[in-house]
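Visitor: I would like to learn how to read the features of a model like this one. Please take them in turn, with the general idea before the case.

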Amino acid sequence: MSGDQHEASELPGMPDMLPGPTGRPLRTFPEPAPLSSHGPARIIALCNQKGGVGKTTTTISLGAALAEYGRRVLAIDFDPQGALSAGLGVASHDVPTIYDLLIGREKDIRQTIQSTSTPGLDVVPANIDLSAAEVHLVNEVAREQILARVLRPVLDEYDVILVDCQPSLGLLTVNALTAAHGVLIPLECEYFALRGVALLVETIEKVKDRLNPALELDAILATMYDSRTLHSREVLQRVVDAFGDSVLETVIGRTVKFPDATVAGTPITTFAPDHPAAGAYRQLARELIARGHAA
Ligand SMILES: Nc1ncnc2c1ncn2[C@@H]1O[C@H](COP(=O)(O)OP(=O)(O)OP(=O)(O)O)[C@@H](O)[C@H]1O
Ligand SMILES: [Mg+2]
């Protein structure tokens, strides 16, 4: 790490800062000022067609951390596995879901919104019904714009809307990208992390070009980082080499606290509020606010 140390000491005005895992000085982002009013929401899609990289965990934990800072957050479960609904401990069966909104069986998104145990964090649930949505919507007019239309009535009531995408680049994910202002890509720090990212970036570019000119690739979040393994450090270095400043300084470490929190149906920020992993997601919330990606 001596090279990194050298680099850090050359940055003007920050002589005492030690490099963080991404090789840049580890800053502590300021506690955000409280908001005096709410909305309109910035919509962020959490996307990666690779499975198990931390999309759902990040939606839950970031949503809860933003809510702790007084932000009004709506999380959309956009995966038929319903992991977001389960992880937030809300009902997803015998209740109206995102699927009912997409196919027009339910017209009012407010009828589908459930509050969670975290004040300020609400969710629209999903269940396995959503797996039929792509087939159902394929012949719809403006089939890529359905989620954007569904969310419109509540934009002014929230500061941030997080869309937890399924691991695919199909029509649901294209709907999320068409509705979104920004994309956050969680990347697991393991050998094949970068495989498929080019295709994801290409998809984001296509959606921007054809459907949603305002779409931004906000940032890449390294997850499941294990500082004890050379492997994790090398992968993170390669991600930084490939994406530069798009890689967030905040890095999420690997810990069993996340699966434990999922089982408890509670965000890490309340399940283990003093654990470094909860601190990492609070830091993520502060970094996104500081970068202007969240209110
Ligand atoms: N930082 C972490 N450390 C250890 N385990 C984690 C971490 N983040 C997530 N996990 C666990 O890894 C598994 C996959 O995480 P998660 O469900 O968030 O990924 P995903 O990208 O949403 O997956 P899918 O593509 O299936 O929707 C879960 O069991 C989760 O509890
Ligand atoms: Mg998921």
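**Reading the backbone, the sheet and the ligand shell**

Guide: With 11 C-beta neighbours inside 10 Å, Ala 142 counts as exposed. The cut-off for exposed is 12 or fewer such neighbours. This is a predicted model.

Visitor: Which residues does a cis peptide bond join?

Guide: Gly 39 and Pro 40 are joined by a cis peptide bond, with omega about -5°. Pro 40 belongs to the loop between helix 1 (2–9) and strand 1.

Visitor: How many helices and strands does the chain have, and how compact is the chain?

Guide: There are 12 helices and 8 strands in the chain. Its radius of gyration is 19 Å, close to the 19 Å that the globule rule gives for 295 residues, so the chain is as compact as a globular protein of that length. Along the principal axes, the C-alpha atoms fill a box of roughly 60 × 35 × 35 Å. Buried residues account for 47% of the 295 residues. Of the contacts between residues at least 6 apart in sequence, 76% join residues at least 24 apart.

Visitor: In what order do the strands form the sheet?

Guide: The 8 strands form an open sheet in the order 3-4-2-5-1-6-7-8, with mixed pairing. Strand 3 (114–115) and strand 8 (247–253) stand at the edges with a single partner strand each, so one side of each has no neighbour in the sheet.

Visitor: Which strands pair with strand 2?

Guide: Strand 2 pairs in the parallel sense with strand 4 (residues 121–124) over 4 bridges, and Val 73 stands opposite Leu 121. Strand 2 also pairs in the parallel sense with strand 5 (residues 160–165), over 6 bridges; there Ala 75 is opposite Leu 162. Strand 5 in turn runs parallel to strand 1 (residues 42–46), joined by 5 bridges, with Asp 164 as the bridge partner of Leu 46.

Visitor: Which way do the side chains of strand 2 point, and are they buried or exposed?

Guide: In a regular strand the side chains alternate between the two faces of the sheet. Here Val 73, Ala 75 and Asp 77 point one way from strand 2, while Leu 74, Ile 76 and Phe 78 point the other way, and all are buried. With 6 of its 6 residues buried, strand 2 (residues 73–78) is therefore largely enclosed by the rest of the structure.

Visitor: How many residues of helix 7 are buried?

Guide: In helix 7 (residues 171–179), 8 of the 9 residues are buried, and the helix is mostly covered. Leu 172, Val 174 and Asn 175 are among them.

Visitor: Which residues come nearest to ligand 1?

Guide: Of the 18 residues around ligand 1, Gly 51, Lys 55, Thr 56, Thr 57 and Pro 167 come nearest. The shell divides into 7 nonpolar, 8 polar and 3 charged residues. At least two shell residues come from each of helix 2 (55–68), strand 7 (216–225) and helix 10 (257–264).

Key:
Residues are numbered from 1 along each chain as its sequence is written. Chains are lettered from A and ligands numbered from 1 in the order in which they are written. This is a predicted model: local features need pLDDT of at least 70, side-chain atom pairs count only at pLDDT 80 or more; totals for chains, interfaces and linings use all residues. The radius of gyration is taken over C-alpha atoms; the globule rule is 2.2 Å times the number of residues to the power 0.38. A residue is buried if 20 or more other C-beta atoms lie within 10 Å of its own, exposed if 12 or fewer, and partly exposed in between; C-beta atoms are placed from the backbone. Two residues are in contact if their C-beta atoms, placed from the backbone, lie within 7 Å. Two strands pair if DSSP finds at least two bridges between them. A residue is near a molecule or strand if its C-beta atom, placed from the backbone, lies within 6 Å of it. Ala, Val, Leu, Ile, Met, Phe, Trp, Tyr, Cys and Pro count as nonpolar, Asp, Glu, Lys and Arg as charged, and the others, Gly among them, as polar.
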